[in-house]
Structure formats: structure tokens, C-alpha cells
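Good morning, colleagues. Please take a moment with the sequence and the structure before I go through some selected features.

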Amino acid sequence: MTALADPHALPASDQTQTVILSVPDMRCAGCIAGVERALNAMPSVAFARVNLGDKQVRVTGAFADALPLIEALDKAGYAAAELDEAALAPKVDVEGRALLMRIGVAGFAMMNVMILSVAIWSGATEVTRDLFHWISAGIALPALAYSARPFFASAAKALSARRVNMDVPISLAILLAAGMSLHETWIGGEDAWFDAAVSLTLFLLIGRYLDHRTRRSARSAAAALTALEVPRATLVVDGALSTVPTAELVVGDIIQVAAGGRLPVDGDVIEGRANLDRSMLTGESLPVLASAGASVAAGETVIDAPLTLRVTAVGEDTSLRRMARAVAVAEGARGRYVALADQAARIYAPLVHGLAAAGFLGWFLATGDVHKSLLVAVATLIITCPCALGLAVPAVSVAASGKLFGMGLLLKSSTALERLAQVDAIVLDKTGTLTTGQAKLDHLDPQAAQVALALARASDHPVSRAIAAALSTVAAADITDIQEVSGEGVTGLWQGAPVRLGRGPNGTELTMPGRDPINVTPEEVLRPGAIELVRAAQQAGMPVTLLSGDRTAPVRKVAEALNLPDWQAEASPADKLQILRDRAATGQRVLMVGDGLNDAGALSAAHVSMAPATALDAARAASDAVLLGGDLSIVPKTLRITRLARSRMLQNFGLAATYNAVSIPLALAGLASPLMAAAAMSTSSILVVLNALRLGGRP
């Protein structure tokens, strides 16, 4: 049996384990095949399976840590990071499955009861009519006991707390309609309204499921941030290395982080010299050099050389956990937004109860007929039952969400449409949001470009890789004696003279004989639609702010390219969060667009937020919507569509109110039977859905 080629791998024995990697660059079936092929080719990997929806891959095999897996994916062109499975939210949609099952049962019961009702309406009398009523009862009552349970449970919980909600009148209408129908069947009455009770339940369940669907995709950003923590660390004790759970580390421990590894805790560097990638935490586009004495934070990535650290903060005290707590607080504040349907529900339930009670008392006092009075009350409850109201927002949400998804925007929050329609200001991140992460160097002359490319190809530094990618169409110069010094750059001999590519006072510089230093700092490439987004917002009188954690020079360049006077550089995650809170305190309703960990707090604190599909998991989780494509021009189109959608929601409420204004007097006057009330209720629900479908067409 041959040894494993992977130096990090363990023998394939009892040490088989499973890790979950986040691979945000996956977008299609080809990416799935590429990721699985790269991982399954490793001898230490037994099984790798991609989940494209979550942009994650689950890997099972015999390996000591995830580093060799991450390296393999990096070579295949996919950036990856390890996730803590225990911190991820559950994926099984138990509630959605239960609602679908209840919808199926209610639909089956309604169709069968309606068939029997048609026979009765067609002239069935006496024994036949009574038999059909009993069969209807046998179908409807068990179906109602199962399908209407969510309404009954919610109403019971509300009443036990001495309050009312929308489910109280719903439950009363269903119970009274079923109860009166059973009574009429028992005494051999001519009419029973089992079909009304079951159809009422079906329509309401459909509305509830539509609302649930729009809420389902939302996932806590705080949980996603916590999942990004490194679950294991390399502990150094008396010169010996051992792998331990990160949770077991204490302040004062000495740990080692390999090149390419992410820091598990906050600490101070005591040995080593390496560049750190802080882009996830701060948005800085260029690496930062860290050496002995420097303070580093959990979540930062060591690029080119190992570091030895003394732990200064663990657990809840790390920078990553503090950020997660800030995000959780911001999410809670945004969760207090009251949707249109909820605002209507606050006055709807007591109004319906009052009307039904008034109808019963009025008829009882006028006639003394309890039976007739109950029929009027039941008809009033059914005819005012909030089917149209319950469908008013979900129907529009589903229609608009489908339209936006076709354009390349995935809505994750049930109230995102309403909040997007209220936006009056926009705040934009730079790195990865307004820019693509790629670079260009079109200002270099051919000779300088050839020398820069040759030196850049000799280094694996992120800036060198960016320079090499930007100059990929150039032929490299012939350079000898190439050497790289960590933190200093790459040197060599060109035509017998020394040349150097490395850090300078104004960024990355190329030094060539007989010439002044040439700035070769790659210029960021704007995302498609970035200019259109800013121009459309400015034309609409909407203030736009560029808010970045990157250095001043690159932020200024992007702001000038976008003709954007309002910008701020070197903003920390806490700064971004506070700025969004201050904007909210002044009454401004801000749309925040960002992609990194440093944006997660601001995304949660904004009135509404978006993240590109390439964003980190935590940023996507914190946002209300995900941009599936790379074109930012969809943002102003989205704002136009959501304003139209909110208008449709208000129109639906108007339709429901008009329907009630016409039908309630008929019910109170005793002119509408429960069956007629159910038919009228169904008609209003259909009108609401048809109005929602008018959202189709070009944006």
C-alpha cells in the first residue's frame, strides 16, 4: 500500500473526518465539476460533494486539517475557507413541508366536498341530501382538524396571552362554519357549509405558505460569521506542535499559523514576518506586512510565511465574535420593521369580532332566533375573513420576486420589497462591490510591462498575481537571478542590470536602470453597471456614498472614476456600522451594498441591503437580497420595480377594503348565506392575485 502523497494527510484509518468548505466563486455546473474533481483527485479525500446553493463543499477523508484541501482548490482556481459545521443554521424546512402537506389535504378535501355540494345544489333532497352532508362531514372535519391546526394553535396562544391576532377571527370562522354545518346535518337541515370552511382554510394556507417561502431563505449573519471561525489551531508547547480545538485555547498560549492559514484567535506576533490578507475584515485591497510585535485578529489570513503568535483574546473576546455580536444587534433592530400586512392586522381583528358580535346581537334582539343570529355571525366572519388581506402582500411578493430573480436578483427577506421601495439613499462598499477584484495596468510602456510581468510571475504574492493577470497579454522579459524577499519584493537582473518589483512609498513600484521608479500598483476594474447605478441614483436626487475600509488613494481613484464626491476611506467595521446607525437616526432609509466581513454589520444595520453572489457567506447572510450577476445596473431597476410592487400591495388592500364595504352590509342584513360568503371571499382573493400578476413586463 503506497503512502499518501499529501504531506498534511493522515493514514486512512480511524481518523477519517468531514469538513465543510465555503467556496464563494462557484456559480455553475462546471464549477461543481471542477471543485469535486480537484478534491477527489487527492489520495486523502474519500468523498467530496458540492452544495451550489450554499456555495459549500462537504469533504470526507483522512487529513489532519483543511489546509491541503484549501491549497488544492486554490490551485484549481477556487478560493476556499473552512466553516464550522456546528455553527451553521439547519437546512431542513420543516415548517414549509408541513404547510405544503396541509395545503394538499385541504385541497383534496375541498375538491371532494365541492363535488358533493354540486349534487346537492342540483336538486338532491331528503335522504340523498342528508347522506351527502354526512359524507361531506366525514371528509371535511378530519381535514379541518389537520389543515387548520396552524390557525387554531396561533389563536389559542394569542388568547392565552389575553390578546387577539389575525388567526383569532380565522379560527372562529372555520369553527363556527364547521360547527353550524354539523348541527344542520344532525337535524337534517337543508344547508351545510363544509365546502365554505374547507375552501377558506385552503386559501389562507396558500397565503401563509407564500409568506413563509419569502422568509425561508433568510439566515442569521451572526451565525455565518461564527461559522467562519477556524475550528482547530496548532499549539506550540516546549517546541512541540499539536493540533487542538480552538475552543481549548487560553490567553497566553503560543500557536503557529501556516502560510495560507486563517488566524483562529486574536494575538501578537512573536516570531515570523509575513503579509496578511485583511480584505475580509477591513476591505483593504492590498496585503499588510506583519512582523514581531504586530497585533493580528481572528479571521485574517497569513499569505506567504508562517507566523508564531501569543494569544491575546479567545472565544467571545475575539474581533470576529465582537463583530458577530454587533451584527446580531443590528439584525434585531432591523427585525422590528412592521410590514404592511401586520399594520393592517392590528386594527382588523377587533373590527371583525365587533361586526360579527353586533350582527349576532342585533338579529337575536330583533327576532329572538338563535339559529338565524348564528348564521348571520358566521356569514359575517367568513365574508370578512382575511383571505384577500392575507394574500395581498405574499401574492405581490412572489410575483415581484420571480420577476427580479429573472433579472438576476434573489430576494431573501419577506419585507425586502417594502423596504427597497422606501430607499432614499445608497451606501456602497468598494472592494468586491463596485470593483470586480481584477486589475488593469494600461499605463505602462511595453518595456516596463515586460519586466514587471517577468518579476511578478516569480512571486505568489497577491499583488504579484494581480500584476501578472493584468499583463497576461504581454510577453515576459528575460530576467535572471530572480530572488524574492518576504515583505520586500522580487529582484533580478535584466540585460545585466538590477531590477526590482516591490513595495514603495506610493504603492507597488518597479525599479529599472536609468529610470525613476514606476508605479505599478494595479488599478481596480469597475463592475459593469457601476457608473449607471451612480448616475441613475444621482438623477433621482438620491445621495450616494462610497464607504470603504481600503486606503485613501485607491478609494479616491474609484470615486473619481464614478464622479462620486461623497466618499470615505479607511473605515473600520465599527465605523461602517456606526455611520449606518447615524443615518437611520436621522430618518434616512439607506440601501447598503457590500460583500465582505467588514460590511456585515453595516448590511444588517441598513434599512435594506444587498450583496453580490461572490460575497462572503456572512455578507450574503446579512443582506436582504443577493445580486446573482455582476452587473450593478440592476440596482436602480430593482428600486423602480419594488416601488411598483408596493403600489400593487396598497391597491390590493384597497380591493380588499372595497370588497368588505360591499359585502359586510349584505352579511349583516342576513342576505348572504355562509356559502355565498365563501364564494365572495374566493372572488376577492382571485382579484388580489390577478392584480399582483400585473407586475409582469419590462422593468
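Helices (H or I, at least four residues) and strands (E, at least two) are DSSP runs, numbered from the N terminus. The model is a predicted one, in which local features need pLDDT of at least 70 and side-chain atom pairs count only at pLDDT 80 or more, while totals for chains, interfaces and linings use all residues. Residues are numbered from 1 along each chain as its sequence is written, and side-chain values use heavy atoms, with hydrogens and water left out.

I begin with a loop. Ile187 lies between helix H6 (167–186) and helix H7 (194–216). Together with Trp134, Leu182 and Trp186, Ile187 makes a nonpolar surface patch of about 470 Å². Such patches take residues with over 30% relative accessible area and no salt bridge, joining nonpolar side chains (Val, Leu, Ile, Met, Phe, Trp, Tyr) within 5 Å and like charges within 9 Å. The areas come from the Shrake-Rupley method with a 1.4 Å probe, and for residues only the protein chains shown count as cover.

Next, the helix pair. The axes of H4 (residues 126–147) and H5 (residues 149–160) come within 5 Å and cross at roughly 55°. Axes are lines fitted to C-alpha atoms, for helices over the stretch in contact, with angles from 0 to 180 degrees between N-to-C directions. H4 and H5 are therefore oblique to each other; under 35 degrees counts as roughly parallel, over 145 as roughly antiparallel, 65 to 115 as roughly perpendicular and the rest as oblique. Leu144, Ala145, Tyr146 and Ser147 of H4 meet Arg149, Pro150 and Phe152 of H5, contact meaning heavy atoms within 4.5 Å.

How many salt bridges does the structure hold? There are 6, each a side-chain nitrogen of Lys or Arg within 4 Å of a carboxyl oxygen of Asp or Glu. In one of them, between Arg49 and Glu36, the closest N and O atoms are 3.9 Å apart. This pair links distant parts of the chain, 13 residues apart: Arg49 in strand S2 (residues 45–51) and Glu36 in helix H1 (residues 29–40).

Finally, the sheets. Two strands pair if DSSP finds at least two bridges between them. An open, antiparallel sheet of 6 strands runs S6-S5-S7-S13-S8-S11. S6 (240–245) and S11 (295–296) stand at its edges with a single partner strand each, so one side of each is left without a neighbour in the sheet. In S11, Ser295 is the bridge partner of Asp268. Another open sheet, of mixed pairing, has 7 strands in the order S14-S27-S26-S25-S15-S23-S24.
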